[in-house]
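Take a look at the chain below.

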Amino acid sequence: MGILSRAKEAIFGSPSPLAPGAGGLGGQPKERIKGLSPEVADFVYDGDLLIVRSSNVREAQYIHETGSLIVVYLNGDRWRYTINDIMAAGFAQATSKGKWIWSNVKIRGTTHDHQVPATKI
């Protein structure tokens with residue numbers, strides 16, 4: 001088990017909801033988005049953990065194969081959001097991850113209502 005795998009397990013628990021080979025959306029490979037920086041491409045396609053400086057979000061990871069954005073909040077809550085690669089790239093590029101979450105995933109003014117499929121994990 002590599003360092004990244006151990007870090008994922010430490011953050012997200014075991015068995016990891018981020019396990020490779022968990023299956024894809026419809027089982028079909030997705031075409032890569034062109035023009036992404038290496039850091040954003042690694043987040044979107046390689047599952048690199050994104051450590052965030054935010055007043056609400058601690059870290060995030062996107063699992064390309066399943067379309068799962070896993071977000072860990074500063075209060076310890078963990079949520080899995082089902083999004084696509086373009087949205088994941090937008091999240092990684094956003095200067096404010098919290099604002100991006102409110103604009104693209106959550107419904108403003110609510111605690112647990114979402115614009116996309118969401119599961120607390």
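Which residues of helix 3 (residues 85-93) are buried? They are Asp85, Ala88, Ala89, Phe91 and Ala92. These residues sit on the same side of helix 3, because they cover an arc of only 160° around the axis. The model is predicted: local features need pLDDT of at least 70, side-chain atom pairs count only at pLDDT 80 or more, and totals for chains, interfaces and linings use all residues. Residues are numbered from 1 along each chain as its sequence is written, and side-chain values use heavy atoms, leaving out hydrogens and water.

**Terms**
- Buried means under 20% relative accessible area, exposed over 50%, and partly exposed in between (1.4 Å probe, protein chains only).
- Helices (H or I, at least four residues) and strands (E, at least two) are DSSP runs, numbered from the N terminus.
- The arc is that of the directions from the helix axis to the C-beta atoms.

**Helix 3 and glycine 67**
- Asparagine 84 caps the N-terminal end of helix 3, with a side-chain oxygen 3.1 Å from the backbone nitrogen of isoleucine 86 (a polar contact is a pair of N or O atoms within 3.5 Å; within protein, one must be able to donate a hydrogen and the other to accept it, and residues adjacent in sequence count only if both atoms are side-chain atoms).
- Glycine 67 lies in the loop between strand 2 and strand 3.
- Glycine 67 is buried, at 0% relative accessible area.
- Its C-alpha atom is 8.6 Å from that of alanine 88, 21 residues apart along the chain.

**Strand 4**
- Strand 3 and strand 4 pair antiparallel over 5 bridges (pairing needs at least two DSSP bridges).
- Valine 71 stands opposite tryptophan 79 in strand 4.
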